[in-house]
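Subject: Model for your review

Hello,

Please find the model below, followed by notes on what a pass over the coordinates turned up.

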Amino acid sequence: MEMLTQELETKKRLLQESIQILNTQIQAAKEAMDDAQNSANEHDGAMEDKFESFRENCQIQRDMYARQLDELISTMALLRRINATKANHDVSLGAVVHTELQNYFIGVSLGELKVNGESFYAISGMSPIFKAMAGKTAGDTFNFRDKDYKILQIS
């Protein structure tokens with residue numbers, strides 16, 4: 001029981017860390033979008049021809065940040081579906097997977113996260129490595145990029 005509690009604590013920390021990173025990215029995208037909009041607005045009416053293309057560029061940038069923001073918000077919605085108090089018994093959304101080679105947190109793609117000095121790779125359910133290990137349980141092996149991975153533990 002003690003081991004499981006510790007594992008769920010790790011899952012909770014990974015989830016919190018992921019949410020924090022995403023919140024920072026969402027904030028940055030919002031600010032960039034607002035800056036682009038403000039730049040476009042400031043040049044309204046100023047020597048029309050010269051600034052028309054500048055304004056269009058600002059609006060293109062704003063639209064790009066808006067799309068980025070939408071993606072980040074969808075990603076956050078996915079993270080919020082993960083229940084950190086429930087142990088996973090197979091490799092699926094929300095699982096913390098320990099293999100002989102690396103550890104993974106199945107949620108969204110955020111790269112390397114560190115919890116208690118241990119490294120975990122935050123990967124999405126769309127990633128090729130997830131597809132290779134999906135549905136497997138502790139003790140199973142899977143092959144990815146010509147390497148065999150043995151799953152030691154899942155929580």
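How many aromatic pairs does a search of the whole structure find? The search finds two, where rings of Phe, Tyr and Trp (its six-membered ring) pair if their centres lie within 6.5 Å. Planes under 30 degrees apart count as stacked, over 60 as edge-to-face and the rest as tilted.

Before the details, the conventions. This is a predicted model, in which local features need pLDDT of at least 70 and side-chain atom pairs count only at pLDDT 80 or more, while totals for chains, interfaces and linings use all residues. Residues are numbered from 1 along each chain as its sequence is written, and side-chain values use heavy atoms, with hydrogens and water left out.

Aromatic pairs

Tyr104 and Tyr121 form a tilted pair, 6.5 Å centre to centre with 45° between the planes. Tyr104 belongs to strand E2 (residues 103-107) and Tyr121 to strand E4 (residues 118-124), so this pair ties together parts that are 17 residues apart in sequence. Helices (H or I, at least four residues) and strands (E, at least two) are DSSP runs, numbered from the N terminus. Tyr104 counts as buried, at 3% relative accessibility, whereas Tyr121 is partly exposed, with a relative accessible area of 28%. Here buried means under 20% relative accessible area, exposed over 50% and partly exposed in between (1.4 Å probe, protein chains only).

The other pair is Phe142 and Tyr149: the ring centres are 4.8 Å apart and the planes are at 5°, so the pair is stacked. Phe142 and Tyr149 are both buried. Tyr149, in E6, is also the bridge partner of Phe142.

The sheet

Six strands make up an open sheet with mixed pairing, in the order E3-E4-E2-E1-E6-E5; two strands pair if DSSP finds at least two bridges between them. Strand E3 (111-115) and strand E5 (141-144) are at the edges with a single partner strand each, so one side of each has no neighbour in the sheet. On average, neighbouring strands of this sheet are turned by 40° against each other, direction ignored. The axes behind that angle are lines fitted to C-alpha atoms, for helices over the stretch in contact, and angles run from 0 to 180 degrees between N-to-C directions.

Three of the pairings, with their bridges:

- E3 and E4 run antiparallel and are joined by five bridges; Glu112 stands opposite Tyr121 in E4.
- Strand E1 (residues 96-99) and strand E6 (residues 147-154) run antiparallel, with three bridges; His98 stands opposite Gln153 in E6.
- E5 and E6 run antiparallel, with four bridges. Their hairpin has two residues between the strands, and Arg145 takes a positive phi near 45° there.

The whole chain

The chain has three helices and six strands, running α-α-β-β-β-β-α-β-β from the N terminus on. Its radius of gyration is 21 Å, well over the 15 Å that the globule rule gives for 155 residues, so the chain is more spread out than a compact globule. That radius is taken over C-alpha atoms, and the rule is 2.2 Å times the number of residues to the power 0.38. Along the principal axes, the C-alpha atoms fill a box of roughly 70 × 35 × 25 Å. Of the 155 residues, 35% count as buried. Among contacts (heavy atoms within 4.5 Å) with a separation of 6 or more, 56% are between residues 24 or more positions apart.

Regards
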